[in-house]
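The structure comes first, and the description follows.

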Amino acid sequence: MSKSVALIGYPLKHSISPAFQQAAFDHEGLDVRYEKWETPEAELPATVDRLRHASTLGANVTIPCKEKVIPLLDELSDTAARIGAVNTVVNRGGSLMGFNTDVEGFVTSLQEDADYRLRNRKVVLLGAGGVARAVVFALLNEEVTSVTVFNRSVERGRALVRSFARSAGRIPLAAPPWTELETSSALQDCDLLVNCTSLGMRFSAMEEESPLSAGQIPKDALVYDLVYNPEETPFLKEAKKAGAETLGGLSMLVHQGAASFELWTGTKAPVDIMLRSAREALR
Ligand code: NDP
């Protein structure tokens with residue numbers, strides 16, 4: 001029987017996951033179709049129920065459904081439960097289990113594409129939304145030295161700090177107001193600066209915007225923009241002008257997708273094929 005994997009979210013028009021996931025299934029000779037199931041919020045319970053069918057291996061879940069899907073599932077991995085967001089669902093004989101592979105995508109992309117280890121690093125994050133939660137979880141797990149989160153809405157930043165306070169233990173985790181960003185010593189002293197906001201994302205009203213200009217970016221930091229479309233974002237252009245090392249979000253996108261692929265199929269993901277297809281889809 002031919003199988004399917006769904007992509008659930010709304011809207012899905014610009015997603016490139018179908019391109020690189022289908023390339024991976026085809027490359028491995030698996031009879032699986034990766035399908036867009038565009039789902040407005042009100043239809044989410046019915047859509048998730050369809051995943052229980054024997055012909056469905058599972059799903060990727062994206063904006064705005066990553067949190068809302070949780071009560072509709074039967075079980076959660078520890079990581080997904082602690083982050084409070086699911087990006088991958090696996091159908092195990094009609095029972096639905098939720099995972100979060102953004103954590104693996106983030107850590108693997110740094111290791112594989114920047115040869116970067118997180119232990120003992122001082123990290124600054126811009127943004128405190130869904131992906132920032134996965135990044136904070138990863139950073140604390142990897143025993144960084146400190147994490148400072150700047151978010152436009154200060155309350156959301158503080159809420160993130162509260163929910164990870166216990167797992168942070170002795171690692172300082174703070175969320176000063178966004179207005180203090182430019183003068184912050186945490187920014188000037190950081191080893192890794194990660195953009196977790198959607199500033200600079202193509203097809204949005206903010207596509208021309210960078211969270212910081214070249215003069216504000218510490219040149220000795222690794223600057224990582226999780227925005228993957230375009231590949232060279234306004235923030236990465238500014239970071240290059242500042243003389244900093246940079247990493248774009250496409251690598252994380254592909255590595256989180258590879259981890260999802262392995263959960264659905266039990267087969268090692270062809271990461272190089274996926275990366276090549278993702279690049280072609282962006283063009
Ligand atoms: P959310 O909607 O959950 O969070 C958006 C974040 O961006 C919030 O922190 C929000 O701040 C901030 N923001 C939005 N507009 C502005 C602005 N004008 N000025 C300052 N801050 C702003 O989205 P996600 O966390 O899920 O995703 C964020 C980005 O990360 C997206 O571009 C997405 O494509 C990318 N991403 C990349 C992945 C990858 O694999 N490379 C994986 C997942 C996401 P506030 O709270 O104040 O609204």
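The lining of the largest pocket divides into 23 nonpolar, 17 polar and nine charged residues. Here Ala, Val, Leu, Ile, Met, Phe, Trp, Tyr, Cys and Pro count as nonpolar, Asp, Glu, Lys and Arg as charged, and the others, Gly among them, as polar. The model is predicted: local features need pLDDT of at least 70 and side-chain atom pairs count only at pLDDT 80 or more, while totals for chains, interfaces and linings use all residues. Residues are numbered from 1 along each chain as its sequence is written, and side-chain values use heavy atoms, with hydrogens and water left out.

The volume of the largest pocket is about 1,600 Å³. Among its 49 lining residues, Thr62, Ile63, Ser198, Met201 and Tyr228 are the closest to its centre. Strand 3 (56–61), helix 5 and helix 9 are the elements that give two or more residues to this lining. A pocket is found on a 1 Å grid over the protein atoms alone, as an open set of points where a 1.4 Å probe fits, with protein on both sides within 12 Å along at least five of seven lines; lining residues have an atom within 4 Å of a point. A volume is the space filled by probe spheres set on the points, which are joined across faces, edges and corners. Helices (H or I, at least four residues) and strands (E, at least two) are DSSP runs, numbered from the N terminus.

The ligand sits in the largest pocket, meaning that more than half of its atoms lie within 2 Å of the pocket's grid points. Helix 5 (130–141) and helix 9 (250–265) are the elements that give two or more residues to the shell around the ligand. This shell has 22 residues, the closest being Val131, Asn151, Arg152, Arg156 and Leu226; a residue belongs to it if one of its heavy atoms lies within 4 Å of the ligand. By class, twelve are nonpolar, eight polar and two charged.

| Protein atom | Ligand atom | Distance |
|---|---|---|
| Arg156, polar side-chain atom | oxygen | 2.9 Å |
| Gly249, backbone N or O | nitrogen | 2.9 Å |
| Leu253, backbone N or O | oxygen | 3.2 Å |

Taken alone, the ligand exposes 920 Å², and the protein buries 83% of that (Shrake-Rupley method, 1.4 Å probe).

The second largest pocket holds about 160 Å³ of space. Helix 9 gives the most to its lining, with four residues.

Conventions
Polar contact = N/O pair within 3.5 Å; in protein donor to acceptor, adjacent residues only side chain to side chain.
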